[in-house]
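Work through the exercises below with the sequence and the structure in view. Each task is followed by a solution in steps.

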Amino acid sequence: MEIIQGNNKFYIGDATHPDAEITFQPAGQDTIAIDHTFTDPKLRGQGVAKALVLKVTDYAKANNLKIIPLCSYARVVMERDEDLKTLIK
């Protein structure tokens, strides 16, 4: 399954009606806020949502950004991983 980078999001499927997506917004000069994660029921239980969170965290690391995980799912994933905790602002 290919994860595609869009404008302030990563997604699977069609950009207009994705099967799964995670969105983020700029929240200052060196920070982004993850504000939404969605996975279509047909993809749930396959680790898709976690893969999307990891894609955003890789993006943040590559761009030297911190993350405000407003989305509850993203927050849980990041708080459970010691390496990802360092990205939380």
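**Exercise 1. A residue in its surroundings**

In which strand is the place of Ala20? Find also whether Ala20 is buried or exposed, and list what Ala20 touches.

Solution. The model is a predicted one.

Step 1. Ala20 has its place in strand β3.

Step 2. The relative accessible area of Ala20 is 0%. Buried means under 20%, so Ala20 is buried.

Step 3. Leaving aside residues up to four places away in sequence, Ala20 touches Phe10, Tyr11, Ile12, Phe38, Thr39, Leu43, Val48 and Leu52.

Step 4. Thr37 is 17 residues from Ala20 in sequence, and the two C-alpha atoms are 7.6 Å apart in space.

**Exercise 2. The order of the sheet**

Give the order of the strands in the open sheet, and say which strands are the edge strands.

Solution. 

Step 1. The sheet is open and has five strands, in the order β1-β2-β3-β4-β5, and its pairing is mixed.

Step 2. β1 (4-6) and β5 each pair on one side only, and they are the edge strands.

Step 3. From one strand to the next, the twist averages 30°.

**Exercise 3. Pairing, strand by strand**

Solution. 

Step 1. β1 and β2 run antiparallel and are joined by three bridges.

Step 2. β4 and β5 pair in the parallel sense, over four bridges. Ile32 has Ile67 in β5 as its bridge partner, and Ala33 stands opposite Ile68 in β5.

**Exercise 4. Helices on the sheet**

Which strands does α1 lie across, and which residues of α1 are buried? Which strands does α2 lie across?

Solution. 

Step 1. α1 has 15 residues and spans 21 Å from its first C-alpha to its last, close to the 21 Å expected at 1.5 Å a residue.

Step 2. α1 lies across β1, β2, β3, β4 and β5, and runs at about 30° to β3.

Step 3. The buried residues in α1 are Val48, Ala49, Leu52, Val53, Val56, Thr57 and Ala60. An α-helix has 3.6 residues a turn, so residues three or four places apart point the same way.

Step 4. The buried residues of α1 pack against β2, β3 (18-26), β4 (31-39), β5 (66-69), α2 (72-80) and α3 (82-85).

Step 5. α2 lies across β4 and β5, at about 125° to β5. β5 has a covered face with Ile67 and Pro69, while Lys66 and Ile68 are on its uncovered face.

**Exercise 5. Aromatic rings**

How many aromatic pairs does a search of the whole structure find? Classify the pair of Phe10 and Tyr59.

Solution. 

Step 1. The search finds three aromatic pairs.

Step 2. The ring centres of Phe10 and Tyr59 are 6.0 Å apart and the planes stand at 70°. Planes over 60 degrees apart count as edge-to-face, so this pair of Phe10 and Tyr59 is edge-to-face.

Step 3. Phe10 lies in strand β2 (residues 9-13) and Tyr59 in helix α1 (residues 48-62), so their pair ties together parts that are 49 residues apart in sequence.

Step 4. Phe10 is buried, at 3% relative accessible area, whereas Tyr59 counts as partly exposed at 25% relative accessibility.

Step 5. Ring pairs link Phe10, Phe24 and Tyr59 into a cluster.

Step 6. A charge also sits over a ring: Lys9 lies over the face of Tyr11, 5.0 Å from the ring centre.

**Exercise 6. Positive phi in two loops**

Where are Asn8 and Asn64, and what is the phi of Asn8 and of Asn64?

Solution. 

Step 1. Asn8 is in the loop between β1 and β2. Its phi is positive, near 60°, in a residue other than glycine.

Step 2. Asn64 is in the loop between α1 and β5, and its phi is positive, near 55°.

Step 3. Asn8 is partly exposed, with 25% relative accessible area, whereas Asn64 is exposed, with 67%.

Note on methods:
Residues are numbered from 1 along each chain as its sequence is written. This is a predicted model: local features need pLDDT of at least 70, side-chain atom pairs count only at pLDDT 80 or more; totals for chains, interfaces and linings use all residues. Side-chain values use heavy atoms; hydrogens and water are left out. Rings of Phe, Tyr and Trp (its six-membered ring) pair if their centres lie within 6.5 Å; planes under 30 degrees apart count as stacked, over 60 as edge-to-face and the rest as tilted. Buried means under 20% relative accessible area, exposed over 50%, partly exposed in between (1.4 Å probe, protein chains only). A charge sits over a ring if NZ of Lys or CZ of Arg is within 6 Å of the ring centre and within 35 degrees of the ring normal. The expected span of a helix is 1.5 Å times one less than its number of residues. Contact means heavy atoms within 4.5 Å. Two strands pair if DSSP finds at least two bridges between them. Axes are lines fitted to C-alpha atoms, for helices over the stretch in contact, and angles run from 0 to 180 degrees between N-to-C directions.
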